[in-house]
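I opened my notebook beside the model and looked up a few things one by one.

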Amino acid sequence: MSKCEQITAEVLQADIVIVGCGAGGMSAAIAAKKAGAGRVVVLEKLHVTGGNAIFPPLPLADDDGVPRFACMDDNRVRPGDPRLSPDPKVRADANFTCAMEWNHWRGDARLIRTLADKFETNSDWLKSIMAPEDFIPSPEDMRGKLARVLVQACKNAGVEIYCDTPVKQIIKDEIGQVTGVFAEDKDGKRLEVTGKRVIISTGGFIGSKELMERYFHSYDENIYDEICYMGLKHTGDGIKMALEAGAASDGTVAFEWEMNRMPWLRNPASPLTNLLNNDMNPGVIWVTPQGERFADESKMNATNSIYRLKNKTFYILFDQGQKDKILTEGPDFDLLPEMLRGVDLFGGVEPEIKTQLAEGRMKIADTWDEIAEWMGADPAVLKATIEEYNSFCDQGHDAMFVKRPNVLTAFRTGPYYAAKSTLAMLVTRGPLKVNTKMQLLDKKDEPIPGLYAAGVDIGGTDSDTYACSAACHSIGWSLASGRIAGENAAKGGGR
Ligand SMILES: Cc1cc2nc3c(=O)[nH]c(=O)nc-3n(C[C@H](O)[C@H](O)[C@H](O)COP(=O)(O)OP(=O)(O)OC[C@H]3O[C@@H](n4cnc5c(N)ncnc54)[C@H](O)[C@@H]3O)c2cc1C
């Protein structure tokens with residue numbers, strides 16, 4: 001991602017100060033400028049811009065009349081689903097309903113309605129800030145494109161971005177109005193950046209052991225480094241600062257997992273990742289280190305079942321027959337191939353398998369006994385699991401976990417494959433309490449004058465489990481909340 005300026009003065013006067021140069025922060029900055037704000041300054045802790053927006057792909061795929069700019073996370077959405085309706089109102093209704101169902105109505109319904117509605121305008125908004133030649137990036141250019149587009153749009157709009165400038169504290173005056181922030185330069189020297197509106201968008205707390213321990217009930221220090229591997233390890237700075245400044249917690253925190261993949265592959269789009277991923281390849285089975293199945297592997301949300309496992313470790317199993325089938329026929333869903341125009345999903349899988357074999361994370365064997373031995377499982381248990389699963393496939397009915405029949409494929413063609421895996425946590429969501437203008441609320445539910453939040457730091461959107469069936473909910477709602485925060489901050493009014 002692009003590098004940026006550093007602050008040299010001890011005091012810098014701005015109108016709007018934005019903490020965090022990711023999706024939420026940059027969209028807030030651009031929206032504020034477009035709404036007529038004066039000096040808008042974005043302060044970024046890292047040496048580079050973009051935050052976790054460097055990861056999601058950016059196809060602006062609305063040729064079919066469905067505006068969206070990254071993935072529809074639920075690949076099993078079929079044509080005819082209201083989330084794919086050409087009517088944005090129908091889509092917004094569907095996404096709202098979907099998000100509320102996922103959070104069991106523990107989310108803030110007005111907030112979610114606002115975000116679902118704003119989300120529908122994200123594509124048009126993005127197009128308004130992008131060069132037309134960027135609308136359909138090449139497959140090689142897709143990943144990270146969103147971050148690059150936002151950085152460029154900030155520059156075009158006259159937003160100032162300063163890197164290596166971690167914000168440490170929100171400053172308020174004696175009547176509680178926010179007046180700016182204290183930050184540090186790269187040498188640790190204190191800087192003051194003044195501004196009557198401050199927007200917090202620091203990307204969650206996956207990198208904060210303290211907050212993880214508080215909110216992640218299955219927290220386990222031993223596996224922490226392995227599961228929190230794929231994204232940037234943000235430390236919840238904005239959340240901590242906002243709570244110190246009197247903000248309330250909404251009480252809802254969710255953890256966004258990558259659908260099951262081997263997190264150590266890092267690249268979420270690698271061919272081996274695609275082969276192992278239960279959403280791309282729901283015919284795989286998952287077993288515990290003891291060799292027993294524990295989930296309907298075809299369910300996107302089955303990733304949550306990994307929470308329950310000791311050390312969150314499990315094995316993904318498949319056979320040569322299934323591997324050949326997926327590599328030749330492709331994945332079993334309608335939407336993604338069209339979204340990932342021209343991307344070779346599985347090409348180059350063999351060298352990746354070779355690497356994992358060499359690193360001891362995969363095993364290929366002619367018998368399940370050898371696989372069991374490698375896993376440290378009792379061969380009799382694994383054999384029973386495979387036999388039972390094969391019988392379910394023969395009957396077309398998974399009598400244990402009711403996996404959908406069309407992905408039940410018996411494992412009878414050797415060699416057999418096993419890949420060691422665990423959870424891959426991407427981002428946390430919540431818990432700062434905001435209203436529909438993205439103003440942070442205090443413990444009396446009153447807006448804190450001048451203080452806003454955007455992106456995944458805000459709570460009230462998900463409860464426990466990330467609503468991965470709501471269209472492009474994560475990055476999409478970061479953009480939507482950022483735009484709303486920026487527009488309201490620019491309008492002025494501390495409250
Ligand atoms: C591997 C991966 C793949 C993903 N794929 C998808 C996808 O396909 N679809 C989707 O919808 N979502 C996806 N997401 C999620 C999406 O990227 C995030 O939801 C989104 O980027 C969050 O935006 P944000 O602005 O809240 O945080 P970020 O974009 O992470 O930005 C936060 C910024 O704040 C900065 N910061 C932190 N503390 C401070 C401080 N004290 N001072 C100054 N700056 C600070 C950080 O360095 C960072 O730059 C993915 C995430 C990952 C990790």
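Axes here are lines fitted to C-alpha atoms, for helices over the stretch in contact, and angles run from 0 to 180 degrees between N-to-C directions. I also noted that helices (H or I, at least four residues) and strands (E, at least two) are DSSP runs, numbered from the N terminus.

**Ground rules.** This is a predicted model, where local features need pLDDT of at least 70, side-chain atom pairs count only at pLDDT 80 or more, and totals for chains, interfaces and linings use all residues. Residues are numbered from 1 along each chain as its sequence is written.

**The whole protein.** I found 16 helices and 17 strands. Of the 495 residues, 54% count as buried (20 or more other C-beta atoms within 10 Å of a residue's own; 12 or fewer is exposed, in between is partly exposed, and C-beta atoms are placed from the backbone).

**Two helices.** At what angle do H2 and H3 pack? Helix H2 (residues 88-102) and helix H3 (residues 109-119) pack at about 140 degrees, and their axes are 9 Å apart. H2 and H3 are therefore oblique to each other (under 35 degrees is roughly parallel, over 145 roughly antiparallel, 65 to 115 roughly perpendicular, and the rest oblique). On the H2 side I listed Ala 92, Asn 95, Phe 96, Ala 99 and Met 100, which meet residues of H3 including Ile 112 and Phe 119. Contact means that the C-beta atoms, placed from the backbone, lie within 7 Å. By class, this contact of H2 with H3 has 8 nonpolar, 1 polar and 2 charged residues (Ala, Val, Leu, Ile, Met, Phe, Trp, Tyr, Cys and Pro are nonpolar, Asp, Glu, Lys and Arg charged, and the others, Gly among them, polar).

**One residue.** Is Glu 10 buried or exposed? Glu 10 counts as exposed because it has 10 C-beta neighbours inside 10 Å. I found Glu 10 in the segment before strand E1 (11-13). Leaving out residues up to four places away in sequence, Glu 10 touches Leu 191 and Glu 192. The C-alpha atoms of Glu 10 and Arg 190 are separated by 7.2 Å, although these residues are 180 apart along the chain.

**A sheet.** I traced an open sheet of 4 strands in the order E10-E11-E13-E12, with antiparallel pairing (two strands pair if DSSP finds at least two bridges between them). Its edge strands are E10 (285-287) and E12 (362-365), each pairing on one side only. E12 and E13 (residues 416-422) pair over 4 bridges, and Ala 365 stands opposite Tyr 416 in E13.

How values were computed
Contact = placed C-beta atoms within 7 Å.
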